[in-house]
Amino acid sequence: LLQEVELNGQRAARLHAADALGAATEAEISAVRFRVQSELRSAFYRAIVERERVQLAERVVAFQRDVLRTAERQVAAGDVGPVGVRLSQAEVAQAEQELIAQQQAALSARLRLAQIAGWPGTQPPEPLGDLPPLQEPPSLTQLTAAAGEQPALRAAEARVRDASARVELADREAWPRPALGACTGPATSDA
């Protein structure tokens, strides 16, 4: 029978290292959760902005078409030459190209939102709602206080504590491991 005797707090160091690893893992999970929520919120607002840009581009196209119709009526009435119509046609074409570009950007934003949210890419979600009203930016004091609460920073601190606990455990494990033993059997005498 052989029993190791733990000296110098080896068991406590192992328990402390296990607790530190668990805390570091929880902190990492919180940091990932925070990052995903931030990315999701950002993608949602980006999709709303792109949707509003499409609506604006549609209004610009409608306006340019009205200008073209007005120019065509002026040419038909003999008030101006055909150059005005050509310029208006070019403006309509340019506005239509911008509309197509904005539609592609809006689709891209919706696909990004679907990707982050785990939504099927074949039918990306159409975000509902409006952008929140603009607010005053936070003060430097508020930003500094919020920086200390960042999950990524807390996860890094937990990793440092975990590493310190592992170093302490390794130091304690390096000590000799005395053992007590007992043996049973027939007694022999060499005398």
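Author: A crossing is left-handed if the near helix is turned anticlockwise from the far one by less than a right angle, and right-handed if clockwise. This is a predicted model, in which local features need pLDDT of at least 70 and side-chain atom pairs count only at pLDDT 80 or more, while totals for chains, interfaces and linings use all residues. Residues are numbered from 1 along each chain as its sequence is written, and side-chain values use heavy atoms, with hydrogens and water left out.

Reader: What is the handedness of the crossing where α1 passes α4?

Author: α1 passes α4 in a left-handed crossing.

Reader: Why is α1 called roughly antiparallel to α4?

Author: The axes of α1 (residues 10-77) and α4 (residues 151-173) come within 8 Å and cross at roughly 160 degrees. Angles over 145 degrees count as roughly antiparallel (under 35 is roughly parallel, 65 to 115 roughly perpendicular, the rest oblique), and therefore α1 is roughly antiparallel to α4.

Reader: What makes α1 roughly antiparallel to α2?

Author: Their axes come within 8 Å and cross at roughly 165 degrees, so α1 is roughly antiparallel to α2; the crossing of α1 and α2 is left-handed.

Reader: Which residues form the largest nonpolar core?

Author: V54, A57, V61, A95, L99 and A106 form this core, a nonpolar core being a set of buried Ala, Val, Leu, Ile, Met, Phe, Trp, Tyr and Cys residues joined through side-chain atoms within 4.5 Å, where buried means under 20% relative accessible area, exposed over 50% and partly exposed in between (1.4 Å probe, protein chains only). Both α1 and α2 (83-117) supply at least two residues of this core each.

Conventions:
Axes fitted to C-alpha atoms, helices over the stretch in contact; angles between N-to-C directions. Helix = DSSP H or I, 4+ residues; strand = E, 2+ residues; numbered from the N terminus.
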